[in-house]
Amino acid sequence: MPQKPSTRKNAKATAEPFFKFNIEATAEGLRASILNHLKYSLARDTGSATKRDWWISTSKAIQDRILERFIDTMAAQTESNARRLYYLSLEYLMGRMLHNNIVNAGLYEATKKALESLNLDIEEIFSVEEDMGLGNGGLGRLAACFMDSLATLQLPAVGYGIRYQFGLFRQSFVLGRQAEQPDDWCKFGSPWEIVRPEYEKAIKIFGRVQTKFDSLGNSRHEWTDYGQLVGLPYDIPIVGYGAKTVNFMRLWESKASKELDLDIFNKGGYVDAVRDKSWAESVSKVLYPNDTSENGKELRLVQQYFFVACSLYDIIRRFEKNNSDFEKFPEKVAVQLNDTHPAIAVPELMRLLVDEKHLPWEKAWDITRKTLAYTNHTLLPEALEKWSVPLFEKVLPRHLQMIYDINRSFLTQEVELRWPGDDAKKRELSIIEETSPKQVRMAYMSVVGSHSVNGVAAIHTQLLREKLFPLFDELYPDRFNNKTNGITPRRWLKQCNPALSALADRCVGTDWPADLDKLRGLEKFAEDKAVLDEFMAIKRANKEVLAKIIMKDCGVEVSPDALFDVQIKRLHEYKRQHLNLLHILTLYRRLLHNPDLDIPARVCIFGAKAAPGYYLAKRIIEAINRVGMVINSDTRIKGKLKVVFLPNYRVSLAERIIPAADLSEQISTAGKEASGTGNMKLALNGALTIGTLDGANIEIKEEVGDDNIFIFGLTVEEVEELRARGYNPYDYYYASEELREVVDWIGSDYFTPEAPGELSAIRDSLLGGGDPFLVLADYHSYIRAQEAVGKAYQDKARWAKMALLNTARVGKFSSDRTISEYAKHIWKLDPVIVP
């Protein structure tokens, strides 16, 4: 049966009524289902049930209805033999699922009433759920937004990843220092998972390669003496808005090929009997194991190969259900590599096609390139993964052979044709970097092995072509393209900010969650005092909620009338939380000189985790906390400045911070942030951006208008010029007394009297360390922009209008738009309409 054609341009989401479930979805029907699951799934009664029991029972009742539509979706996609997208990502930062699922399924009110009839508060039930520990930062959250949009747009797609037992880590603070504890998010299981042991897959690892020859002298490579890992799949249904389509994610848990060596066990070798099992399970144990040691590097490579190999086997299995001709593989299969973590897919797909499906090498290479596409997410050279050739030879010996074959073909047939006899170009473009030891450049392999390479913001894609991959751009001028990131408005407005969503419903209608451009209709209310007053009253109510969380988690009392100045993102030097810290110290210094300074009260709010091995990032966290301890207890400044660092930043906490934010700090060094998506979430909820012309900030500025954003700092071109001239941070340090005072202040023992030199690493990095991210160069421009923020906030009418226009004008940044562009230009994917 041919695939049903799309009836919508660019797979645009529709605002049709929600799907009507066959299972009763009224409050009464849900109440009965919840009680049934409480009794028959959990063996509890209403008297003994805990909040967790009620959460599980409610989730299972919702899952019953979702699975009905999931089965219909899979049947329709299979019957039409649809071309599918397979999204390979090492991270999916899903957050909590119950709230999201009932919003997308149109079951919020019915669920709320059902729980109320049982004397339960729906918000309390939501709060029981642990955030899924499947991701770290923006990369994983983007993948989660994409899953939501793919289902909303009714596009056939599967997201593949790893079912980590432990997330990144749970963060707490001890004397201001970050402390890490295991994030055992699935300790009590997850009601959303469906385990699929019938689809488990054993994959090869380690060993050696034997080359054999037939009677005609043709060679055949055989992978022998290998070990095995088993991938056990867990499926998580993904509900699109309106529940018209329910796709799924398939996450792999690693297991040993043999649970127990009974022979060794019976001989008394109890530890040895389970050693292989322990090692195998470590592969999916932790998100991003520390790779500072050789064992850590090996585990990281094994982890990446494990999920890619399991996923590609599964993709081929699904293809072969309805197809036998691998010539048609690229017609039915689109694989997207989310950054370089899944880059091993290039040689692995080649190995499967050549070694197991016995296709000629050239044909396999043509199929591989037509199938794979690559998204780059970073301009930082150190973040572009490389693995040593000796490590590859140990872990994946057959893949190393395949990589050399790919590289040889690429250099001799493509590079040589474009630049005849130019060995320098070959060295520069080679997948194998000729260092000691040699390195496999995974980003290069991704570019060579894919038919599309995209950046995630206009400026990022420009720099990708001009700075990171200029020769590849010359060689493949049509391969590079831009797909500016986006966010799902279902979670990041409708779910997390219900009061603002209700105001939008009244002003522009209820269709906007499926067509975010419709929020443009709010523009006509930009001079409407009643609407602006309500808009700001909603903001204040959200700030009151966050103020209670701050008191509970930080023990600091803050006023919801103060300007809530928010920086929430992964802790990295290029994101420049330490520039924000210098502004805080500047304000504090000025207030100490003049406690009656005419500035608005300000609460500086941080949320971020630093990688456990990232020393300076952890010192920046400690510095912010220690400075905050001093400022928050200093009565001389009359409460005009507070500093809080909320511990254990995660999706569910972001859902509380973002609706309450007044100011969005997007202050990375120009040319370093690929896109950013926190900037989009905050602007959608009426926060004004203070930022550099970096990443998606440039496009946000174009959308909201110059008068509704605070831009500062060097541009990409100015950064390059400054570096070319020779940047010396001491020039800025000596030229400004105020800057010199605050830099020396953070390097002194003032904030850590019991631990001299504790924070000196920050000052050292800004001066002796060369200030690699130009904090001092942008300091004065940033301070001036912050002064403009303060003046604007004091003009309440002006600020309200600016905030409302930010919400109204960021429709471009819906992930529905992003996914529609991927579907049209890269994946060639059409919706499948589910009856």
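Which residues in helix H30 (residues 737-747) are buried? They are Glu 738, Leu 739, Val 742, Val 743, Trp 745, Ile 746 and Gly 747. Keep in mind that this is a predicted model. The buried residues of H30 have several partners. They pack against helix H23 (577-593), helix H24 (615-632), helix H29 (729-735), H31 and H32.

## The whole protein

Now step back. The protein holds 34 helices and 23 strands. Its C-alpha trace spans about 95 × 70 × 65 Å along the principal axes. How does the radius of gyration of the protein fit a compact globule, and why? With 835 residues, a compact globule would have a radius of gyration near 28 Å. The protein has 27 Å, so the two agree.

Burial comes next. Of the 835 residues, 61% are buried. The accessible surface comes to about 31,400 Å². Carbon and sulfur atoms hold 50% of that surface.

Contacts also reach along the chain. Residues 24 or more positions apart account for 77% of them.

The protein has 110 positive and 114 negative charges. Their mean positions are 2 Å apart.

## Pairs brought together in space

| Pair | Separation in sequence | C-alpha to C-alpha distance |
|---|---|---|
| Ala 243 and Gly 106 | 137 residues | 7.7 Å |
| Ile 568 and Ser 664 | 96 residues | 8.6 Å |
| Glu 544 and Val 558 | 14 residues | 9.1 Å |

Start with Ala 243. This residue lies in the loop between strand S9 (227-239) and strand S10 (246-256). Is Ala 243 buried or exposed? Ala 243 is buried, because its relative accessible area is 1%, and the cut-off for buried is under 20%. Which residues does Ala 243 contact, leaving aside neighbours within four places in sequence? They are Phe 19, Phe 21, Arg 69, Asn 104 and Ala 105.

Ile 568 belongs to a strand. The strand is S18, residues 563-568. Ile 568 has a relative accessible area of 9%, so this residue counts as buried. Leave aside its neighbours within four places in sequence. Ile 568 is then in contact with Phe 606, Gly 607, Tyr 649, Ile 657 and Ile 658.

Glu 544 is found in helix H22 (residues 529-554). Its relative accessible area is 35%, so Glu 544 is partly exposed.

## Cysteines without partners

A disulfide is a covalent bond between the sulfur atoms of two cysteines. How many disulfides does the structure hold? The count is zero.

Two cysteines show the reasoning. For Cys 310, the closest cysteine sulfur is in Cys 186, 17 Å away. That is too far for a bond, because a disulfide needs sulfur atoms within 2.5 Å. Cys 310 is also buried, with a relative accessible area of 1%.

Cys 554 gives a second case. The closest cysteine sulfur to its own is 13 Å away, in Cys 604. Again, this is too far for a bond. Is Cys 554 buried or partly exposed? At 26% relative accessibility, Cys 554 counts as partly exposed.

## Backbone exceptions

Most residues other than glycine have a negative phi, and most peptide bonds are trans. A few places in this model depart from that pattern.

Where does Pro 437 lie? Pro 437 is in the loop between strand S14 (432-433) and strand S15 (439-441). The peptide bond from Ser 436 to Pro 437 is cis. Its omega is near -5 degrees.

Asn 81 has a positive phi, near 50 degrees, and is not glycine. This residue sits in the loop between helix H2 (51-79) and strand S1 (84-88).

Leu 774 also has a positive phi, near 55 degrees. Its place is in the loop between helix H31 (760-766) and helix H32 (775-794). Leu 774 is buried, because its relative accessibility is 0%.

Technical notes
Residues are numbered from 1 along each chain as its sequence is written. This is a predicted model: local features need pLDDT of at least 70, side-chain atom pairs count only at pLDDT 80 or more; totals for chains, interfaces and linings use all residues. Side-chain values use heavy atoms; hydrogens and water are left out. Helices (H or I, at least four residues) and strands (E, at least two) are DSSP runs, numbered from the N terminus. The radius of gyration is taken over C-alpha atoms; the globule rule is 2.2 Å times the number of residues to the power 0.38. Buried means under 20% relative accessible area, exposed over 50%, partly exposed in between (1.4 Å probe, protein chains only). Contact means heavy atoms within 4.5 Å. Accessible areas come from the Shrake-Rupley method with a 1.4 Å probe; for residues, only the protein chains shown count as cover. Lys and Arg count as positive and Asp and Glu as negative; His and the chain ends are not counted. The place of a charge is taken as NZ of Lys, CZ of Arg, CG of Asp or CD of Glu.
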